[in-house]
Structure formats: structure tokens, C-alpha cells
Amino acid sequence: MKNNMVWGNFLHIYQPPDQHKDLLRKITNESYYKIVEILEKNSDGKLTLNICACLTEQLLKLGYKDLIKRIENLLKKGQIELTESSKYHAFLPLLSESEIERQIILNNKTHKKIFGKNYKPQGVHLPEMAYSKKIAKVVKKLGYRWMVLNETSFEGKLFSKIDCSKVYKLKEFPEIKILFRNRKLSDLIQRGFILKTDDFYQFLKNNIEEKEYIITAVDGETFGHHRPGLEKLLEQLYHERKIKTMTISEIINSFPEGKEITPIESSWASMESELKAKIPYAQWKYPGNPIHKNQWKLTNLAIKTINQYKKDKNFQKAREALDKALFSCQYWWAGAVPWWEIEYIEKGAYYLKKSIQLLRDVPRKIKNKAEKLYQDIVFTAFDWERSGLAHKKSMAYTKKIIKELGEKIPEPSPLHSKK
């Protein structure tokens, strides 16, 4: 091991606003508690944590005040750095700047209320690491100083070799620093292909230069829930102390500034072929997918309608319902690229429709239009399911991933707690 390497461990935890209580309890015990316990046992271990505020609220409602308090204690000690994000995990690139700003401010207000003066996020986690130029404008406006992006945003290529001895600057707003997730190592961890610390160290030895940092970014639920037993890898890495851990802000303060760059619009699931074809967000808006098309028609109808009826007696109730309805899961599960789950497709469409129906003064024709879009989304989804088209698309996309990544991945199956 090279002693002057630095590891930025970035974990993202989130559950949909209406996650099943029993499942959330299972995830919390299998994953969230274990991550906290690992840091408590290793006082010099650090990580950057994104927790969407809708999950924080759910944990408190379920009685996990002790878990939130322990996270706050780690925050006070400097072992955890919390990021800003979208409260309801909205897919930001396909929303307007005003909606992006609203979701981030909602997250900030909720966490300020929960964590108090200890909540001072310097960076913003973009759900799905989905970057766009208009998001950067909002991040600049709100005064945050960094974002971690997937390496495909560097030059549109998978597994780019990025000089991580420096920290990049956003060309349009150089006060915003840009760091990149190492996709190869992150994917290997998330898929359960790295189970021993020696394999982790060997990857660093083969891929990272002296005096560089490396950032892994995965769903926190990977450790203990999606991959039972993988939390032991995390615990051993912190216990062995063979590599120094830093929060993202500490990395920015410890490494020199590099050149200014203009990131490419992409997500942490982007494929190189899709970026070449100008499809930066395939999992959430795939060309020719009628479900995605109608989902975004309904989304935009709900946003436009509710914002036009601010004087409606039920505006506040409808606006809050819309905020929750913008969660990204509905689009992700509707793509069959490769993931597919009808439950979230229906839920998302239902909540969007309901947010419009809550308004009293909206013309019947608009409510009927929302109902028609809801039915089209659900009927098409069931047609894809019954005909086998969803499975066919999913398997075809899986083969594409295997070909492009050059490695086998687990066969897609429903993971209700994934989003």
C-alpha cells in the first residue's frame, strides 16, 4: 500500500417517501446502524454521507431518534460530513431551475431543524449523480462549494483516467470544485465483487498513483442490506487503517487546485454509447419509451398546474403532495434498462395525479387529462409486463452493460429498497 493515498468514502442513503415501515426497519438494522457502529469503533475513520431529508423524517417517525443522534455525534466529531441534496430525491436535470432550488431548500430547512447548528453542508449530492448545467447555476446561487460527479462527466468515457492529485474547478463557476467518483471500484464494491480488503488494496495499487485521492460512491444500503455481510469489508478497511480516509471537503482543502473544466451531462449509471448518442439519462428518460414520455407529461402538467393555482385554498396541500410525488424511483423502474417494477410506476403516477386533484379551482378538463395520463402509464406498464416486453428489454440492456463494462453483473431482479 502507498501510505500517501487518500480514500474519500461517499455513501448515499435514501428511501422513497412512503417506504413500507417493516422494510425500512429491516434496512435500518441491517445497514444504517452498522455503518454508524463502524465509525464509532474507529475514531479516525471518516466518510461523507448524503441522507435525503425525507428518509431522516421517516426514521424519526419510526422511533430511530437514537440513530439520528449518533449520526449527529459523528458529525460533531468530524467523522461524518453531511451533504445537501434534494429532499425527495427528485431527478433534478429534467426539472426547472425553480423546482431544483425548491427541492434543495426543502432538504436544507428540514435538516437544519433536525441537526441544528451542526448542519453546515458545503457540497451538494445530486440524486443519481445526474449533472446538468442548470443544476450548477442553482448550486452556485445557493452558495455551495463542491459536487462529486461520475467519471463519465469528465470526458464522456467509462473508466477515464483522471488526475486525482488535484481538484478540478467548474469553468463557468470556478468557486465550485468538482471531484469524480471512481466508477470501476465503486461498481465492484456495489456488485459484491470485492469482498476482501486485499482486493481493495490491490485495486488501489494497480490504478492509483502516489499522492492521489480516490473517491468511491455507492448506496449506503449496499453494506448489510443489498449485500449481506459486505459491511464486514467496510469495518475491516477502517480497522486496518492502511489507507487514510478524508471527507470530501477535507480532500478539497488538502489537494491543490487543478484546471477548469466543463462537465458532460450524465449520471452515475451512464453508458459511453448513450452519451455518444446524446442520451445522458437513459434510466429516467429513454427515447421511444411511451411510459417515460407520459410520466414526464404528467410530471410537467402537475408542476405547471399547481404553480398556476397559488390562490387555491388547497394550494399548500397540493404543493406538498407534488414535492413528494417528484421522487425519481418512478422513472427509474419504468425503463427496463435494466430495472423494472410496476409498483413504483403506478405509485408515482398516482401521486402526481392526486396532487392536481387536491386543488379545488382547477378545471375538470385538466383533472381529466391527468387521469388519462395516469391510466396510459399504468395500462402500458401492465401490457409490457404481461407480454414479456419488459423482461425482453431488461435482458437486452443487461447484455449491453456486460459488453460495455467488460464484466458480468448480477441479473436484474426487483429490489424494492433500491430507490
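## Terms and model

Helices (H or I, at least four residues) and strands (E, at least two) are taken here as DSSP runs, numbered from the N terminus. This is a predicted model, in which local features need pLDDT of at least 70 and side-chain atom pairs count only at pLDDT 80 or more, while totals for chains, interfaces and linings use all residues. Residues are numbered from 1 along each chain as its sequence is written, and side-chain values use heavy atoms, with hydrogens and water left out.

## Salt bridges

Side chains of opposite charge can pair when their charged atoms come close. With a salt bridge taken as a side-chain nitrogen of Lys or Arg within 4 Å of a carboxyl oxygen of Asp or Glu, a search of the whole structure finds 27 of them. In one of these, the side chains of K347 and D18 meet at 3.2 Å, N to O. Because K347 lies in helix α15 (residues 342-357) and D18 in the loop between β1 (6-13) and α1 (21-41), this pair ties together parts that are 329 residues apart in sequence. On a scale where buried means under 20% relative accessible area, exposed over 50% and partly exposed in between (1.4 Å probe, protein chains only), K347 counts as buried at 13%, and D18 counts as partly exposed at 24%.

E231 forms a salt bridge with K34, their closest N and O atoms being 3.5 Å apart. Since E231 lies in helix α9 (residues 231-240) and K34 in helix α1, the pair ties together parts that are 197 residues apart in sequence; E231 is buried, with a relative accessible area of 11%, whereas K34 is partly exposed, at 28%. K276 is exposed, with a relative accessible area of 65%. A network of salt bridges also links E99, R102, R319 and D323.

## Nonpolar cores and an enclosed helix

A nonpolar core is a set of buried Ala, Val, Leu, Ile, Met, Phe, Trp, Tyr and Cys residues joined through side-chain atoms within 4.5 Å. The largest one has 87 residues, and those with the most contacts inside it are M147, I178, L179, Y213, I248, I251 and W340. Helix α16 (residues 364-387) contributes the largest share of this core, eight residues. Leaving aside residues up to four places away in sequence, I251 touches V6, G8, V167, L179, Y213, I215 and M246 (contact means heavy atoms within 4.5 Å). A second, separate core of 46 residues includes Y33, L47, L185 and L204.

Helix α7 (residues 183-190) is largely enclosed by the rest of the structure, because six of its eight residues are buried. The buried residues of α7 are R183, L185, S186, D187, L188 and I189, and what covers them includes β5 (146-150), α6 (152-155), β7 (177-181), α8 (197-207), β8 (213-219) and α17 (389-405).

## A pocket and a cavity

On a 1 Å grid over the protein atoms alone, a cavity is a set of points where a 1.4 Å probe fits but cannot get out, and a pocket is an open set with protein on both sides within 12 Å along at least five of seven lines, lining residues having an atom within 4 Å of a point.

The structure holds three cavities of 30 Å³ or more, and the largest cavity has a volume of about 70 Å³. The lining of the largest cavity is formed by I13, Y32, I35, V36, L47, L49, L67, I71 and I80, with the largest share, three residues, coming from α1.

## Backbone features

Most residues other than glycine have a negative phi, and most peptide bonds are trans. A cis peptide bond joins V337 and P338, with omega about -5 degrees, and P338 lies in the loop between α14 (329-332) and α15. A336, in the loop between α14 and α15, has a positive phi of about 55 degrees although it is not a glycine, and A336 counts as buried at 0% relative accessibility.

Note on methods. Points joined across faces, edges and corners; volume = space filled by probe spheres on them.
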